[in-house]
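Please look at the sequence and the model together, and then follow the points below.

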Amino acid sequence: EYRGWNTDDFLLIGQTAAGTTRKLAGQVKRNFTVSSVDAEFKNAILDFWNDFQNPTVFSVEHDRFAFVVQLGSNTLLRHFGGLLDCARASSDMDDFERRLSTPGLLSSTAIRYCDEIVTIVKEAGNPDATRAQVYPLLKATHIISLDLATSTRQSEALMKSLLTFAAKTTQKTETAARTWKELVT
């Protein structure tokens with residue numbers, strides 16, 4: 001927040017080889033409920049919305065938002081993730097609206113999640129908000145499920161595998177384990 005953002009859990013700033021600055025701002029959640037009456041979800045969406053509307057911190061063309069959840073349930077990833085994927089797959093707001101209104105293309109839960117976000121934006125002082133108006137925000141938002149520090153640790157295993165692959169030493173596994181330990185602990 002001290003950098004002018006409302007989204008406050010993390011901000012990653014990188015630069016492409018062409019010199020373009022890109023930002024990823026995110027919220028980290030242990031539990032995640034997509035609902036306009038869930039205070040934590042509502043506040044996170046409002047933080048994203050306010051940052052999205054602020055061109056001094058967020059570039060619609062280059063920047064993105066992420067929800068990072070410890071263990072994303074199948075329901076959350078399938079329905080909320082499906083809604084976000086639908087927004088990214090849509091060519092424009094009209095295409096997004098068509099996809100939402102095409103029976104069977106998206107689950108009724110995913111459509112309800114979209115309406116929950118519209119409700120949150122409406123309650124925040126935008127009484128005329130529509131699905132089409134939240135579409136650009138949904139398009140810029142991702143959900144990431146990390147099972148770190150759990151019994152399954154699939155995300156940890158994937159990251160360690162990538163570290164092993166990227167290691168430039170002959171002791172790749174040891175280097176990856178040491179790097180992981182330094183990153184996490």
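Among contacts in the protein between residues at least 6 apart in sequence, what percentage join residues at least 24 apart? The share is 57%. The model discussed here is a predicted one. The protein has 185 residues, and 38% of them count as buried.

**Overall architecture**

- The protein contains seven helices together with four strands.
- Read from the N terminus, its elements follow the order β-β-α-β-α-α-α-α-β-α-α.
- The C-alpha trace extends over about 60 × 35 × 30 Å along the principal axes of the protein.

**The sheet**

- The four strands make up an open sheet, arranged in the order β1-β2-β3-β4, and their pairing is mixed.
- At the edges of this sheet stand β1 and β4, the latter covering residues 141-145, and each of these two strands pairs on one side only.
- From one strand to the next, the twist averages 25°.
- Helix α1, residues 39-52, packs on the sheet and touches β2, β3 and β4. The direction of α1 makes about 160° with that of β3.

**Strand pairing in detail**

- β1 and β2 are antiparallel partners, joined over six bridges. Within the strands, I13 stands opposite K23 in β2.
- The two strands β1 and β2 form a hairpin, with five residues between them. In the turn of this hairpin, G19 has a positive phi of about 95°.
- β2 and β3 pair in the parallel sense, and this pairing also runs over six bridges.
- β3 is mostly covered, since five of its six residues are buried.

**The largest pocket**

- The volume of the largest pocket is about 340 Å³.
- Its lining consists of F10, L12, L24, V28, K29, R30, V68, V69, Q70, I144, L146 and L148.
- Sorted by class, the lining of the largest pocket comprises nine nonpolar residues, one polar residue and two charged residues.
- Three strands, namely β1 (10-15), β2 (21-29) and β3 (64-69), each supply at least two residues of this lining. The largest share, three residues, comes from β2.

- Is D95 buried or exposed? D95 is buried because its relative accessible area is 12%, and buried means under 20%.
- D95 lies in helix α3, which covers residues 93-101. When neighbours within four places in sequence are left aside, D95 is in contact with A89 and S90.
- S73 sits in the loop between β3 and α2, a helix of residues 74-89. With a relative accessibility of 39%, S73 counts as partly exposed, because the value falls between the limits of 20% and 50%.
- S73 and I144 are 71 residues apart along the chain, and their C-alpha atoms are separated by 11 Å.
- K160 belongs to helix α6, residues 154-166. The relative accessible area of K160 is 30%, so this residue is partly exposed.
- Which residues does K160 contact, leaving aside its neighbours within four places in sequence? The contacts of K160 are A176 and W180. The C-alpha atoms of K160 and A176 are separated by 6.0 Å, although the two residues are 16 places apart along the chain.

Methods. Residues numbered from 1 in each chain as written. Predicted model: local features only at pLDDT ≥ 70, side-chain atom pairs only at ≥ 80, totals over all residues. Heavy atoms only, no water. 1 Å grid on protein atoms, 1.4 Å probe; cavity = no way out; pocket = protein on both sides within 12 Å on 5 of 7 lines; lining within 4 Å. Points joined across faces, edges and corners; volume = space filled by probe spheres on them. Nonpolar A, V, L, I, M, F, W, Y, C, P; charged D, E, K, R; others polar. Pairing = 2+ DSSP bridges. Axes fitted to C-alpha atoms, helices over the stretch in contact; angles between N-to-C directions. Contact = heavy atoms within 4.5 Å. Buried < 20%, exposed > 50% of the residue type's maximum accessible area, 1.4 Å probe, protein only.
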